[in-house]
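Thanks for coming. Please have the sequence and the model open.

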Amino acid sequence: MRKSLQVLLAAGSFLCLGTLLAPGRPWPPAAGDPAADREAISAVLRAQQSAWNRADVDAFLDGYWHSPELTFSGSSGVARGWDGVLARYKKNYPDRAAMGQLEFSDLEFRFLGPHAALVLGKWRLQREKEELGGVFTLVWQRFPEGWKIVHDHTSAVAEKPH
C-alpha cells in the first residue's frame, strides 16, 4: 500500500510538471533583477527630468502609464487618468518660466515584486525668482514596453531655516 502511494504521488508530480512545461505555454515570469530594474526606472526619471528642462510636458508624461486608471495626488487634490494628469501639468506649468529647471535626488527603491516598485525621492524646481522643492512617492509597474508610473504623490515641502 505504501509503495503504491509513492508511485501515485510521483506520477501526480510528473503530470503537474508536464502541464507547467507544456509546449506553447508561457514560462512563469522570472523575478526581476533589482539592479537592472533600478537602472531602467532611473533612466525613465532622467528622461523625464530632461523633457521637463526642455519645457516638453508631453515628453515628460511618457514616463506615466497612458491609462484612465493613472492617478496623481498632490496639494490640489487627485487627478485621474492620463488626460487628467496631462491637463493638471499644463494648467500648473503653462510655459518655460513656470516650469523652471527640475532636479530629482535622494532616490530610494523598494521592489514590491518582479513587476512593481515604489520609489521615494526629492524634487527641486529652480525658477528665475524662486526655488521650490519637496518629496514624491511613485508607484511603478512593469509593462511589456517598460516601467511606467501608475501613481504619483508629490508634495511641496518648505525649506527649514538653517
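How many residues are in the hairpin that joins E4 to E5? There are four, and they carry the chain from E4 into E5.

Before I go further, please keep in mind that this is a predicted model.

Here is the overall layout. The protein has five helices and six strands. Read from the N terminus, the order of the elements is α-α-α-β-β-α-α-β-β-β-β. The protein has 162 residues, and buried residues make up 33% of them. Take the contacts with a separation of 6 or more: 49% of these are between residues 24 or more positions apart. The accessible surface is about 10,600 Å², and carbon and sulfur atoms account for 60% of that.

Now the strand pairing, going along the chain from E3. E3 covers residues 101-113, and E4 covers 116-126. These two strands pair in the antiparallel sense, with ten bridges. A hairpin of two residues leads from E3 to E4. If you want a place to look, find Gln101, which stands opposite Gln126 in E4.

Gln126 also takes us to the next pair, as its bridge partner in E5 is Glu131. E4 and E5 run antiparallel and are joined by eleven bridges. The hairpin of four residues that I opened with is the link between E4 and E5.

From E5, which spans 131-143, we go on to E6, which spans 146-156. Ten bridges join E5 and E6, again in the antiparallel sense. Two residues lie between E5 and E6 in their hairpin.

E6 has another partner, and that is E1 at 71-74. E1 and E6 run parallel, with three bridges between them. In this pairing, Ser73 stands opposite His153 in E6.

Rolling a probe the size of a water molecule over the atoms shows where empty space is left. The largest pocket holds about 410 Å³ of space. Its lining is made of 25 residues, and the closest to its centre are Phe72, Arg88, Tyr93, Trp123 and Thr154. Which element gives the most to this lining? It is E6, with five residues. Other elements supply at least two residues each, among them helix H2 at 34-53, helix H4 at 81-92, and strands E1, E3 and E5. By class, the lining of the largest pocket has 15 nonpolar residues, seven polar and three charged.

The second largest pocket holds about 280 Å³. It is lined by 13 residues, and those nearest its centre are Lys122, Trp123, Gly133, Gly134 and Glu159. For the second largest pocket, E5 gives the most to the lining, with five residues. E3, E4 and E5 each supply at least two residues here. The classes in this lining are five nonpolar, three polar and five charged.

To finish, three single residues. Asp37 is in helix H2. Is Asp37 buried or exposed? Asp37 counts as buried because its relative accessibility is 6%, and the cut-off for buried is under 20%. Beyond its neighbours within four places in sequence, Asp37 is in contact with Gly32, Phe111, Pro114, Arg142 and Trp147.

The other two residues are here for their backbone angles. Most residues other than glycine have a negative phi. Ala55 is not a glycine, yet its phi is positive, at about 65°. You will find Ala55 in the loop between H2 and helix H3, the latter at 57-60. With a relative accessible area of 29%, Ala55 is partly exposed.

Asp106 also has a positive phi, near 50°, and is a residue other than glycine. Where does Asp106 lie? It lies in strand E3. Asp106 counts as partly exposed, at 48% relative accessibility.

That is the end of my part.

Terms used
Residues are numbered from 1 along each chain as its sequence is written. This is a predicted model: local features need pLDDT of at least 70, side-chain atom pairs count only at pLDDT 80 or more; totals for chains, interfaces and linings use all residues. Side-chain values use heavy atoms; hydrogens and water are left out. On a 1 Å grid over the protein atoms alone, a cavity is a set of points where a 1.4 Å probe fits but cannot get out, and a pocket is an open set with protein on both sides within 12 Å along at least five of seven lines; lining residues have an atom within 4 Å of a point. Grid points are joined across faces, edges and corners, and a volume is the space filled by probe spheres set on the points. Ala, Val, Leu, Ile, Met, Phe, Trp, Tyr, Cys and Pro count as nonpolar, Asp, Glu, Lys and Arg as charged, and the others, Gly among them, as polar. Two strands pair if DSSP finds at least two bridges between them. Buried means under 20% relative accessible area, exposed over 50%, partly exposed in between (1.4 Å probe, protein chains only). Contact means heavy atoms within 4.5 Å. Accessible areas come from the Shrake-Rupley method with a 1.4 Å probe; for residues, only the protein chains shown count as cover.
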